[in-house]
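Hi there,

Here is the structure I promised to pass on to you. Have a look at it first, and then read my notes below.

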Amino acid sequence: MRRIRTNSGARGVRTAAATAVGVLALATLSAGCKVETVGAAEPTARPTTSSPSPTDGAGPSSGPPSTPATPSRTPSARPSPRPSTLMSVGDRSERVRELQARLRQIGHFGRSPTGYYGTATLASVQSFQGKRGLSRTGRTDTVTWERLLAMTRKPTAKELDPPAAEPAVAKPDARCVKGRVLCISKNSRTLSWMIDGHVVSSMAVRFGSQYTPTREGTFSVYWKSRHHVSTLYDSPMPYAMFFSGGQAVHYSSDFAARGYNGASHGCVNVRDDGKIAALFAQVRNGDKVVIHW
């Protein structure tokens, strides 16, 4: 019985010792974690890679380059649009008349405005463009027009339509005193519209050159063409009243612009569009035409 107690006591001692060792180990383990966290040297911090802000000047990061959501591209410069043409050869309008009057103000158009964009206006526009460093196209585009507007003032009524000095009416030829007659004098360079010896209206006229002379004699109007264009010279002949082959009495923008510095190809040119428009309305086919000295 005593031996049995001894073994039990020893077993109890061993159990108590084991329990104490376990508690001590657990306490030591817990104490060791706690000390390592507080008392041990802190590990060196790893460098933090951050993407540079769009506005800073940081260099590239050690990590792989990031792809921006939207690629930044410099937009290519768009070519300037071509200036649009406002007026060109063949146009007839009040705007063309204003163009001519403005060009005349600064010495690029030495004639009276006609409202017709012909070769004289083309040359004047080219002269203006050349002086201003613009392309000498002869067409009035938006750039040319704006430059001209900036250099000139709005034309007056007299500048747009200056009165033309009319020559004195010549004494009518004897063949003109009866009936309805277009009495045309080469000597005075006038046309008189006469009915039974009375002058209804008169106007200045221009004739053909020595190489293309206007025929003389007695004729009659055989065809009227309000918007005629010459098939031979490809030039406009408004209010044409034909009296001998291809020769006619008609309005001439060239005569209006250049005066007697030019000549026709044989026709009788009138430079006053208002007067010839009224004459065209009154003359009939069959009316007499007398061309004399």
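Let me begin with one arginine: R258 is partly exposed, with a relative accessible area of 31%. On this scale, buried means under 20% relative accessible area, exposed means over 50%, and partly exposed is in between (1.4 Å probe, protein chains only).

Before going on, please note that this is a predicted model, in which local features need pLDDT of at least 70 and side-chain atom pairs count only at pLDDT 80 or more, while totals for chains, interfaces and linings use all residues. Residues are numbered from 1 along each chain as its sequence is written, and side-chain values use heavy atoms, with hydrogens and water left out.

**Salt bridges**

Which residue does R258 pair with? Its side chain meets that of D254 in a salt bridge (3.6 Å, N to O). The term stands for a side-chain nitrogen of Lys or Arg within 4 Å of a carboxyl oxygen of Asp or Glu. D254 is partly exposed too, at 25% relative accessibility. Helices (H or I, at least four residues) and strands (E, at least two) are DSSP runs, numbered from the N terminus. R206 joins D254 and R258 in a network of salt bridges.

By this rule, the count comes to 8 salt bridges. Another of them links E98 and R102, whose closest N and O atoms are 2.9 Å apart. Both residues lie in helix 2, 4 residues apart, about one turn of the helix. Are they buried or exposed? Both E98 and R102 are buried. R153 and E159 also form a salt bridge, with 2.8 Å between the closest N and O atoms. Here R153 is partly exposed at 46% relative accessible area, and E159 is partly exposed at 22%.

**The largest pocket**

About 810 Å³ of space lies in the largest pocket. Of the 39 residues that line it, the closest to its centre are Y233, S235, P236, H250 and H265. A pocket is found on a 1 Å grid over the protein atoms alone: it is an open set of points where a 1.4 Å probe fits, with protein on both sides within 12 Å along at least five of seven lines, and lining residues have an atom within 4 Å of a point. Grid points are joined across faces, edges and corners, and the volume is the space filled by probe spheres set on them.

Helix 3 (119-131), strand 8 (236-244), strand 9 (247-251) and helix 6 (253-258) each supply at least two residues of this lining. By class, the lining has 14 nonpolar, 18 polar and 7 charged residues. Nonpolar covers Ala, Val, Leu, Ile, Met, Phe, Trp, Tyr, Cys and Pro; charged covers Asp, Glu, Lys and Arg; the others, Gly among them, are polar.

**Helix 3**

In helix 3, A120, T121, S124, V125, F128 and Q129 are buried. The buried residues of this helix pack against helix 2 (94-105), strand 2 (140-141) and helix 4 (142-151), where contact means heavy atoms within 4.5 Å. Just after helix 3, G133 takes a positive phi of about 75 degrees.

Where is V177? V177 sits in the loop between helix 5 (157-160) and strand 3 (180-185), and is partly exposed at 40% relative accessibility. Not counting residues up to four places away in sequence, V177 touches D196 and G197.

Enjoy exploring!
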